[in-house]
Structures are given as structure tokens and as C-alpha cells.
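Visitor: I would like a close look at a single part of this model. Please keep it brisk.

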Amino acid sequence: MMRRATVVLLVAAALTGALGCRRPPRSGRALALGLAVFDKSPEGRQVPGQATAGFLAFDRGRWRHGTLRDPQSNVFHKLLEYCPRPGECGLLSVGGTMAALKLWRSDGTAERLWQADFGGRFSRLRDAEVADVLGDGVPTVIVGTHDQGVVALVRPGPGGYVVTELDREPNTFVHEVEAGDLDGDGVIEVYATPSQPNQFDGSVQRGSVVRYVPARHEGRRVVADLGDRHAKEILVADVDGDGRDELFVAVEAVSGGQVEIRRYEADTPPDGGRTVAVLPDRLCRCLTVGDVDGDGRREIAVALRKAGLWLLRPTGDVAWDERVVAEDSSGFEHAAVLADLDEDGRDELYVASDDQHEVRRYVWRDGAPQREVLYRYPGATSGFTWSLTAVRTSTIPASAWDR
């Protein structure tokens, strides 16, 4: 995990900006990192700092770095590009405590779309996705929360934003939400991962994957029954290219077990997911899909907590082809994303290698991944990366960029 250099970097960035003009990068897209940063209390204990976003964009022959902070919250779990109305785009931040959903403009101002106290031990917005879930052309934010298991829709309406709760379950963590169309009927479904509160000792933490169809007013339905296990990460995407999405579930292990990646189609029974890979770790919080070699066929990159980066290729058989991308990359969340930032028709794999204090890129050349370090955290840091996403640089406040 990162240690204390994040705080140093933030201070340095603030001083740099104060001494001169900050110009946005010329490149069209950038990486956005949702970060948790810790400070030291007067008693010497680690305490959460301000919610922090990091940015990386290739500009004039180098990778430029930027930061954005929100003193009203203590973590950004995710950052997304969001255009609630035509011609109106910004950077959407998903906050921890306080549980706030904000839309940041290029001039540095922020609009609070939603803030909530769910009534549990704490209120935290854990994940979000954007999709036209009602089929009316309105981009809707789907939000999953801790610790009252709220799944909600946030969308622009008359005079502001309208919030609709799809579900609520006490003492429940929703780690991940996804949107897609598994049955191919053109109606978007919402998927979520409710589970019992976190256990980090390898003991039982029961969970499932559930589905909602808001456009049809269909409530919770279990689509993956995981028994004594659970998932903190799911992926909904058309990986096999048949025109319909599939659901992939990273089933975490209890003590002594291994991570399983299971595949579900629209008609798969909840206890019938097909295991396409078994990987040598207990925890997995990141699945990302793309085409690394430009052959028109998509792959899934898996970032395990301790056992490195893996690439899964569909084979048509029960077990997919498994390849190690890097053994020396790890982290608590081990956030990663496949994205074509250099616009060459092939996706690159971007990874927050927090244990190694680096942000890396892997580019496939002649069939093999080649590593490049985009950013190295100098010295000791305290914190970790929750998420990596690709956004347009025009959605990032100009004041966020270092000189």
C-alpha cells in the first residue's frame, strides 16, 4: 500500500499551483484515481484524511500528475465522467463519509447531487455506474452503499436531482454495482453485490449477486447464490461478442480456498454459474475488460490482492486460457482498468501497484505485455487506491493539474 508520500505530493502540488498558472493537458483522456489518504493524529494513530483524487495524462512527451481534494469527505471511492444533460459534463465523485455524490466542473466548483445518512453505524457511497436504466435517454447514476445495503438511482429532474431507492437491507455492504443487458431485450438491468459486513480473517462472509430491472419495476432477484462465500467484484460485459452481456463474478475464498471467476448468462440458475478460472489468492476486487492486442476479441484482466495481474481469454471451453501479466504487482484494492488512452485501437492495462508505490501501464507488443511506470510515489506513503477510471481531461478541474 502507499504510505505517507501522498500527503507530501498534495502539499507540493498545492504550492506549485500557487506559484504559477496550471494548464490542462492537451491530451483528450486521462486516468482518474480514487484515493484513500491517511494522516497521523496527535496520539500517533492513523486517521482518514481528506477525500483525494489523482490524475495522470500524457502531455507534451511526459505523464502529468494532478490532484483534487474534498475536505467535506474522507475518501473518493470512484470518479466518473458524467453528462446529466446535453452539453453539460463534469467529473462525478463518489464519496465515503460523508456519503456525498458531487459533480465537479472544469472551473473547480462542485454541485452536490445527493447526500444521505442511512441510519447505520456509518454512511458510505461505495460504488456507482452511469446508465440509461429507464430507457428514456436520461443518464442515471446507480449507487451502492454501506452499511444499510441501499441501492439507489440518482437522476436529473425538475429543480435538481431525484433519488429513488431500489433496495435497503440493514447491516449489509454493497461493494459493487453494474448495469447491462443479459437477455438482449434492450432493457437495462442493474446488478449489485450485497454481503454481510467485511471479515478479513478468512472466516465466512455470506453474499450473493442480485438483479433489479427499474424500467419494469422489478425488485430484487438473486441471480448468483454464493452460499458461504461472497463477491466484492462483478463485471457485466459482452466478452464473447454474441451481442448479449454476461455476468462475471469474482467469488472470494474462505480460509484455505482460492478465488473463482464464474460466468452467468440470462438463463443461468443462481446455483449454476460456470467457473472459467481458479486463481491463487483469497481476495479479488478488480475485473476489467478490453482488447489488448487489437484482434477484435475481448479479454478480462484480473487484479488479485497478492498474486499479481492475470489475463483471461475465452476459449469456448469451461476453463479459459489464464496468463500471468505480472507477479510483482499487488495492493489492498489493486485497482486496474483496461483503456485505449493512446487511441491506437488496442487497450492498455493501467494498474495502481500500491504495494510497489507505482502507477503502471502494460502495453502488449508481439503478444507479450511490456511494463512502463507512469508515476512513482517517492518515499513512504499512507493510503491506497480505490479505483482507476478513464475520463476526458475536459471534465477535470483545470486547477487540479500540477505545472
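Visitor: Which side chain does a polar contact of 3.2 Å join to that of Lys232?

Guide: The partner is Glu252, whose side chain meets that of Lys232 in a polar contact of 3.2 Å. A polar contact is a pair of N or O atoms within 3.5 Å; within protein, one must be able to donate a hydrogen and the other to accept it, and residues adjacent in sequence count only if both atoms are side-chain atoms.

First, the ground rules. This is a predicted model: local features need pLDDT of at least 70, side-chain atom pairs count only at pLDDT 80 or more, and totals for chains, interfaces and linings use all residues. Residues are numbered from 1 along each chain as its sequence is written, and side-chain values use heavy atoms, with hydrogens and water left out.

Now the surroundings. Lys232 sits in strand S18, residues 231-237. Strands (E, at least two residues) are DSSP runs, numbered from the N terminus. Lys232 is buried, at 4% relative accessibility. Buried means under 20% relative accessible area, exposed over 50%, partly exposed in between (1.4 Å probe, protein chains only).

Leaving out residues up to four places away in sequence, Lys232 touches His175, Glu176, Asn198, Gln205, Ala250, Glu252 and Arg285. Touching here is contact, meaning heavy atoms within 4.5 Å.

Notes: Helix = DSSP H or I, 4+ residues; strand = E, 2+ residues; numbered from the N terminus.
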